[in-house]
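Please work through the exercises below with the sequence and the coordinates at hand.

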Amino acid sequence: MFKIMAKTTLGSVLVLSLLLSACSKNNNGAPAASGSQATSSESQPAASESASASSPAIDPLGKYDPPIEITTFRSTNETLEANLPAGETLDKNRWLDAFEQDLGIKVKYDWVAKAGDQYDQKINLSLSSGALPDIIPVNVNQLKQLAESDQIEDLTAAFEQYASPLTKELLMQEGDRPFNAAKFNGKLMGIPSIASSRETQNFVWIREDWLKNLGLTPPKTMQDLLKIAEAFTKNDPDQNGKNDTQGLALIKDLTNVGYAVLEGFFNGYHAYPGIFVKDANGKLVYGSTQKEMIAPLTQLHQMYVDGIIDKEFITKDAGKVGEDTVAGKNGMFFGAHWNFAWPIQLVHDANVKADYQAYPIVSIDDKMAMTEVNLATNTYYAVKKGSKNPEAIVKLINMFLEKNYGATNDFNKYYRDTEGHELWSLSPFSALPPNKNIENNIAILDAIKNNDNSKLNPESMSVWDNVMKYKNDKDEANHGWFKAFSENGVGDLMVQYANDNRHIFNEFYGAPGDNMKKYSATLLKFEKEMITKFIVGKEPLSNFDKYVADYNKLGGEAIEKEVNEWSQSLQK
Amino acid sequence: MKANRIKENRTFAIAIHLILVTTSLLCLFPLVHVLAVSFSSGSAVAAGKVTAWPVDFTLTAYRYALERVEFWRSLVVTLERIGIGWGVSMVMTILIAYPLSKDSNEFRYRTFYVWIFFFTTLFSGGLIPFYMVIRNLHMLDTIWALVLPAAVPVFNILILLNFFRQLPREVSESAQMDGASHMTILWKVYVPMSTAALATLTLFVLVTHWNSWFDGLILMNKPEHYPLQSYLQTVVLQKDISLLVKNTSDLNELAKMSDRTLKSSQIFLGALPIMITYPFLQKYFVKGIVLGSVKG
């Protein structure tokens, strides 16, 4: 008994002493904290002094003296590593030198990983083990987590004050969507590493040599397109005497991949699967569950029954369908502009006569078909809470844009040199102006028309070289480039789409909310399963209403509500 | 009657053989396919013409693979890891297995220690705590991060422990009477008598270190420090073609996406050393495992 007493008293003494030491630690901590506050409040007047001293205030490209050091992560890839200019590495190169010399910012990497799954995994490990660098490149989901757990700085003021006019202009080329996505409670928590959303647009790619073989003309309407697809299936377009072709290539993913998908087809019926669009009342609704889907689905089912779509498409991914396309088993697909490099160049490699051409997507009625696009910006630069210089990232982006696109640009030194090194990617911080490729395309098309390449920047120059290699030397490996930049080639169509403003944006582009996180995995699976069933006829289209009801019950309604709340919060 | 039984046995044997042959063919086929792809031309592969035999035979993929600095650099890392890892874990295994192979009356807390070791195989802290431990020990980005976490392979210890136990006691007792210490008995008597088991364990350690890729990916901070399998993983993993194409360089990259021949050649090269080592160690393999499992 006495023993137990002794033990408990001993225990309580121990606990007490622990508590005391904890208290004393707290006590020690408090002055330290106030000390740092004091220093920061000291430094603040200093900052505002320096700001008021050099009254045009803040210099977006001002140099830190003494230099500061910031840490970050970066990704790399094989092309980048295979193309390093002589004597330069990821740790030591012209961009990092420029940042150090002109801005007084030394950039150090906590780690470097190959882009892809392992990069995401390492980021998640770093985030969850609390090993944050000063500047954290994250996706919108991770940005939200960091913002909610209060681990990162509010960059609203830093961006307002330090972003150069050029930065503001280029980052806003696509409107304020990328910024809205990075705003939480009205505060900007990350600087978007912007990319072109419009380039997720779709075209329809058709074997032109097959059209000629059958005496058909390019499609002007969806009805034309359907006729072509049927003829490609039934009229032996490759003239080999065998019934071995299909009209429309399709992969089991149905959407999103950018090759042999269906967005372009649905868009022709003014249905917009996978994205949120405004309905007549201005409310955001989910495209995949709208009644506009019924007509194209009915048509697709018919095409499946008629063998125009591969009966085995549900087992084939992009790689597999790509093999069929290369082997000349199908002659038409909906896809992105980059399809001319893959798989079309391979089609041409395998059969020199094979000749794909891109066309704008077509409409079922007299209303123009609009192509649906998603926000392409998927990286945001966040700054660790307590960083001394949260504005450093803004200055770095200022510098990146200035050296590439500003009045004092040195494109050959910093973006791309004449040997084709992609120098811009040596910088761990980047932003690619969304209109860049359109502007380049216009310049290239112009240059080819007038046979004058004097006005091209080095990036466009490399395209010009590729085109000329085919035009002058008949180098078949560059046939794709030649086609893309001939009249009405896909490079031209990109410009036409932009001029006609043929884009419908996904109206939801923020970080996924709680409901979306909870339900979307299940719902996406359910949706894909149902659409596939409608196409192959396992589910009659009379059940479409039931599908919509089920979808809403499984969480679709909750997500829609959440998305609309989000949208209203933007308008405030 | 007898004839019937023989007949029955024969059908049974044929059925068994059929099943075994089919299973082994099924296991073999992917490797044969990879080999065929690696020797075929890129366009034949892109068109899906290659199954089990090369189409348009070419060695370009191998030439290209062997010319890559990254391939050799990561091979060196793997060899280094195997060298150190093998040494460390064999010494640990032998030193731990010996005392644990003694009876409880010779080594009082034997059971307790066995349980402690066994316990560690049942639970693990999970990825993030593991990562944090390595980070706080400042082992990130060093070869030790790949070697030390695998330094004490408990399964191997159990095998060796049981192997030691079935060695005749008389041998160690007579050595003891001649005045040999435990260390002498272990290194001069037990180890020379256990070559079969040690060869098996060597193979286990080799294969584990050769095949591990995940630890390299998460614990190394630079691709230059990846071991071979981590490097191969980054090469082989199918690129996501939905990846947004932002630049002309990406487009050039895309045109190369059918580089399945190159990937295949590297997979094959990566598997080759183990395939070569295996037959040499195999004669010990069965013996080592079976003997270790007999308890005496």
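This is a predicted model: local features need pLDDT of at least 70, side-chain atom pairs count only at pLDDT 80 or more; totals for chains, interfaces and linings use all residues.

Residues are numbered from 1 along each chain as its sequence is written, while chains are lettered from A and ligands numbered from 1 in the order in which they are written.

**Exercise 1.** Determine how far helix H15 of chain A reaches from its first C-alpha to its last.

*Solution.* Helices are DSSP runs of H or I with at least four residues, strands runs of E with at least two, numbered from the N terminus. H15(A) covers residues 392–405, 14 residues in total. Its reach is 20 Å, close to the 20 Å expected at 1.5 Å a residue, where the expected span is 1.5 Å times one less than the number of residues.

**Exercise 2.** Characterise residues 112–131 and 143–164 of chain B, which an unreviewed UniProt entry lists under "transmembrane region".

*Solution.* Such annotations may be inferred rather than shown by experiment. Residues 112–131 of chain B are 80% helix and 0% strand, with end C-alpha atoms 29 Å apart. For residues 143–164 of chain B, the values are 68% helix, 0% strand and 31 Å.

**Exercise 3.** Describe the contact between the domains of chain B.

*Solution.* An automatic or database assignment gives domain 1 (1–58) and domain 2 (66–293). Each contributes 8 residues to the contact, defined by C-beta atoms, placed from the backbone, within 7 Å. On the domain 1 side, H1(B) supplies the largest share, 4 residues.

Technical notes. Two residues are in contact if their C-beta atoms, placed from the backbone, lie within 7 Å.
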